[in-house]
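Please read the following report alongside the sequence and the three-dimensional view.

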Amino acid sequence: MSVRVVRTRSGEDVICDIREITAKDDESGKILGYQVINPYLVWISEGMTAEDDDGNIFKISNPEITMEPWMPLAKDKEKIIIRFDEIISAYETHDDVITKYTQLVGASNGIEPEDSPDDKQE
């Protein structure tokens, strides 16, 4: 799985498992588009500011991340294809965001999250 956050031409940030689609007959490996699997819009829902009311600068930590389905009317969330020029950038995100995304995808597909070692009682 290659989970990335992609910025679309329309300015949306989408977290998804992404794969390149290339021309099979062309040896140049030209990218024709991308397949996005289980895409979700992702954004920071709580306003982020690095300055308090007194003008003091501080480190931003633990922002509130919100995710909602992207293309919620798609019949098959594994067959969404977008043109190559619709993506402006793609990047790896923090492990915590990937964990939240993985849990969300698992829950929407009826997969129970695994218990962490800390949750197990002896």
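Predicted model: local features only at pLDDT ≥ 70, side-chain atom pairs only at ≥ 80, totals over all residues.

Residues are numbered from 1 along each chain as its sequence is written, and side-chain values use heavy atoms, with hydrogens and water left out.

**Helix α1**

Helices (H or I, at least four residues) and strands (E, at least two) are DSSP runs, numbered from the N terminus. Helix α1 has 14 residues and reaches 20 Å from its first C-alpha to its last, close to the 20 Å expected at 1.5 Å a residue, the expected span being 1.5 Å times one less than the number of residues. Within α1, V97, Y101, V105 and G106 are buried, a term that stands for under 20% relative accessible area, with exposed meaning over 50% and partly exposed in between (1.4 Å probe, protein chains only). Seen down the axis of α1, the buried residues fall within an arc of 165°, so they line one face of the helix; the arc is that of the directions from the helix axis to the C-beta atoms. On the other side of α1, D95, D96 and A107 are exposed. The buried residues of α1 pack against β1 (3-8), β2 (13-22), β3 and β4 (65-69), where contact means heavy atoms within 4.5 Å. Just after α1, G110 takes a positive phi of about 75°.

**The aromatic pair**

Rings of Phe, Tyr and Trp (its six-membered ring) pair if their centres lie within 6.5 Å, and planes under 30 degrees apart count as stacked, over 60 as edge-to-face and the rest as tilted. By this rule the count comes to 1 aromatic pair. The rings of Y40 and Y101 have their centres 6.1 Å apart and their planes at 80°, so the pair is edge-to-face. Because Y40 lies in strand β3 (residues 31-44) and Y101 in helix α1, the pair ties together parts that are 61 residues apart in sequence. Both Y40 and Y101 are buried.

| Residue | Relative accessible area |
|---|---|
| T93 | 18%, buried |
| V105 | 12%, buried |

T93 is found in the loop between β6 (87-91) and α1 (95-108). Not counting residues up to four places away in sequence, T93 touches V5, I15 and I98, whereas V105, with the corresponding exclusion of residues up to four places away, touches N38 and Y40. The C-alpha atoms of V105 and C16 are separated by 9.7 Å, although these residues are 89 residues apart along the chain.
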